[in-house]
Structures are given as structure tokens and as C-alpha cells.
Amino acid sequence: MADKIVKATRHVNQNEGLIFEKSSPGKRGFDLAPLDVPRADPAVALGENHRAEGVTSFPEVSEIEVLRHFTRLSTWNYAIDLGMYPLGSCTMKYNPRVNEFVARLDGIATEHPLQPAELSQGCLKIARLLERCLCEITGMDAVTLQPSAGAQGELTGILLIRAYLKKHGSPRKKVLVPDSAHGTNPATAVIAGYQVENIPSDARGQIDVAKLREQVTEDVAALMVTLPSTLGIFEGRIAEIADILHSKGALLYMDGANMNALAGIARPGDFGADVMHLNLHKTFSTPHGGGGPGAGPVAMKKILEPFRPVPVLVETEEGKLALDDERPDSIGRVRAFFGNFGVLVRALAYILAYGPGIRQATEDAVLNANYIRKHLAGIFDLPYDLPSLHEVVFSDEIQKKNGVNTMDIAKRLIDYGFHPYTTAFPLIVHGALMIEPTESESKEECDLFIEAMRAIAEEAASNPELVRQAPHTTRIGRLDEVTAARKPKLRWSES
């Protein structure tokens, strides 16, 4: 007997196969009119080496099939419009719709700073105002809006430090990175040409200042510190740390990915940071799900300003704004285009809409994280007892006694209608559960999340196999993620 075709499941939307499985030779989603100009021989126009007889193994489907296929798939997505994204260190907060409205206004949505200067004054004014706002928020003296994301912002910042030190005699050899930093930090330092030296955390999850003092030598160019750290903890001795570095001629780079815990309350420039990046798509709204778009502006002190990447936004003698490429000490371009302008617009809209209320947003983010911490402490292991800021990190130590780990708990959370938290990070916490509710969530949503986590903890004790086999309500069950990572199948095949 042939397999029965299932039209629908318990979900309100239909099942959906691969687009390739809908393919049938000869189907088309369009019908182009004949060309009204002479057609050139492609072998002549492109060259014989670039000629192919046809595209093979490509799905042939009708327009309505394409439309329905991708619309159905879109209804499967979890989104911030449906519920909480408690991804620690990612700040997946709600994106106010007013920001989207502003980004789509006539004269903004269709314009760009790289148009001729006489046509782009409005766009350049947006960029200039955003630079000034970010300088005020960070306590820095200058900003570049060029980098397209946090990791590129990190690289830009370290290249600024390298250029500054080289100008003063030597770029030096080492960059120090704490074990509580974001994973991109050591990669950034290596790409910039530095050796990486690890700085251990002490028993409370803080930088071991005594060890740091020993490791800061004349060979050290900078310390890259994530603040708050990936533990969600503020480095209480950060000003002292900055002084140690500066006394040896080294600089302090701050990874500003967690600025959602500081904006409106503390300015990194005031406690000794020399340069930092900001993830506008995290702290100031977009947010950055699906791999983009992003923006990673870099804010810096005056000593680094001459080395900013080009083009630099300047004011002409006539009072107009322009992009200046003639900067002899510049590190050069960090990308071909001028930032992700739409993200810059959204960030400025966010900042102007909140105004001084940015402080309240930060306080709400910290409050939500501590509210969740208070109600889950003891249910889940809390490896570090220092006050949490915008996120809280538990471990699976209690649940491991019954054979349940952080991945199992995260998968079971899907059955309760929540996107999983960040699993197994930071690496200095074995079996980490990293939770960041952001300021977007109400007390009611936090309570639902707490209730779900407590229920899963009870299941882990009474019926651990139920948790280990989760999720149970999704179309596809538990995937073999190790095999998927090691032996990925990146294209469809009939075989």
C-alpha cells in the first residue's frame, strides 16, 4: 500500500517538502517576451570557457509553487514576534517598529552616503549625528561607522592599536585575552598579526589582576576585555586594569558586544578603555538574527583618531559634509562600501526615540536577568555568585546527576514554546546555560520562562529519558548534530 499523503498535522500550517521534490521538467514561473534586439553569441560575449549547455539539477517549478513553498516555510520560523529569545551574549531583543518605519521613509530607504556629496547631505547628517551619539554613550572622542559587524569592529580596533604603536616605534608582539572573553577576540588578535596570551579568571570569575600584572610587559600591545564578561559579570577592577596597561604603554580594547548592560549607566571611556566596538544590531535594535545585517562601529580615544579607516566623515569649509579619503596615517579601508546604512538608520532611530530612557532600558535588562536568576538559583547550579548584569550563566551540574545535560534541557525548552538559551558557552563553565532575557520581556513572559525551566528540572529528576529525547512536538525530532557538523550535506541529491 502506498504511503498515505498527510495534508496537515497538529500544526496550523501544512507540511512541506524540498523545493527539488516539487520539480517537474518544463515547469516555469515566468514567460519572457522575445528579445527586440539582436542576440549576441554567448560564446563570443563570455568566452568559450564560460559557456555551458544548460543548468542541471535545478528545480523547475511554477510561480504558485514557489510562493507557497517559501511562505509555508516562513510560518515554521520562531521569531521575536512570537516569544522570548533568551540567547545569552546575543541580545536578541525586540526591534521597535518605529525604527523600521524610519528606515523606510522616502529619501532614506532609497539613498546612500556614497552618492555624490551634493546628493547625500541628508544621509551624511544621519551618520554624523549617530557618531556624536555613540561618542556620548561610550565616553570616547571619535567613531568610525565602517565595520559591518562586531568581529570586523574588533579587527578594526586592534589594527588601530597596531598602527598607533607602530607610529610610536613598535607594534609589539602580544595581545592578552581573558578566558572569559568572546571567542572572536583571540582570532582577531591573530589575524592582526599578534601572538595571543591567555589571562586566567580567578575563583569568582574576574580577571586575575595579579597574574595580569605579571604578564603585561613591553611586548604587550593590548588587553582585549569583554565587558561585562561572557559570565554576565562586570570587572570590578577595570580602572586598575587600565592603569596597569597604560603604565607599560599598552592599550585597553573593550569588546562592546554586551553594551546592553552598560548603555546610559557607565561609559567605557571614563574607566580607561582606549577603543571599543559596538554591535548596533544588538544594543541598538535591529537585531541580528539569521546572520545579518549588522553594524560594528568602533569608538576610540583621540590618540587613535588619526588612524581611522577611510573614508572619514568631515565638515568642509563651506559647512557641508563630505567623505575624506586623504588620511596619511589611516589603516585604510576595512570594507569596500560605507557600512550597512539601513542598520545605522535604525540604531539612530532607537537612540533618539529612547533619549535618556536608554538608561531605563539597560536597567530593565539587568532586572529581568536577575529576576530569572533569583527564581532558578538552586534549581540549576550557579557557578559564580557575583552579581549578574544583563545575563545569567547557570550550569547543568545538578541535572547531570540524572544524565541530563544543557543540550537536553535546551531541546526540551522548545516543547514549552521558547527558543533555547545559549548552550555550553562560556567555555569556562562546563555545561553552561547562558540566559539573556533583554529589556524586551515583561514579567509575565519571564514568569512563563521560569515556569518552563522549573518544569524541565523536575522532569530531569523524575523522567530524565523524556528530556534526553526532546524535542517531542517539532516536525523533526532530535538531530545528530555532531554528524551534521562533521559530515554536512550541503546540496540536495536524488540518491
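Me: What makes Glu16, Lys22 and Arg72 a network of salt bridges?
Reply: A salt bridge is a side-chain nitrogen of Lys or Arg within 4 Å of a carboxyl oxygen of Asp or Glu. Glu16, Lys22 and Arg72 are linked by such bridges. This is a predicted model, in which local features need pLDDT of at least 70, side-chain atom pairs count only at pLDDT 80 or more, and totals for chains, interfaces and linings use all residues. Residues are numbered from 1 along each chain as its sequence is written, and side-chain values use heavy atoms, with hydrogens and water left out.

Me: How do you know that arginine 172 and glutamate 218 form a salt bridge?
Reply: Their N to O distance is 3.7 Å, and the rule asks for within 4 Å, so the pair counts as a salt bridge.

Me: Why is arginine 172 called buried?
Reply: Buried means under 20% relative accessible area, exposed over 50%, and partly exposed in between (1.4 Å probe, protein chains only). Arginine 172 has 18%, so it is buried.

Me: Is glutamate 218 buried or exposed?
Reply: Its relative accessibility is 51%, so glutamate 218 counts as exposed.

Me: Why is glutamate 60 called partly exposed?
Reply: Glutamate 60 has 26% relative accessibility, so it falls in the partly exposed class. Its salt bridge partner is arginine 28, with the closest N and O atoms 2.8 Å apart.

Me: Why are α12 and α13 called oblique to each other?
Reply: Their axes cross at roughly 125 degrees. Angles under 35 degrees count as roughly parallel, over 145 as roughly antiparallel, 65 to 115 as roughly perpendicular and the rest as oblique. The two helices are therefore oblique.

How values were computed
Axes fitted to C-alpha atoms, helices over the stretch in contact; angles between N-to-C directions. Helix = DSSP H or I, 4+ residues; strand = E, 2+ residues; numbered from the N terminus.
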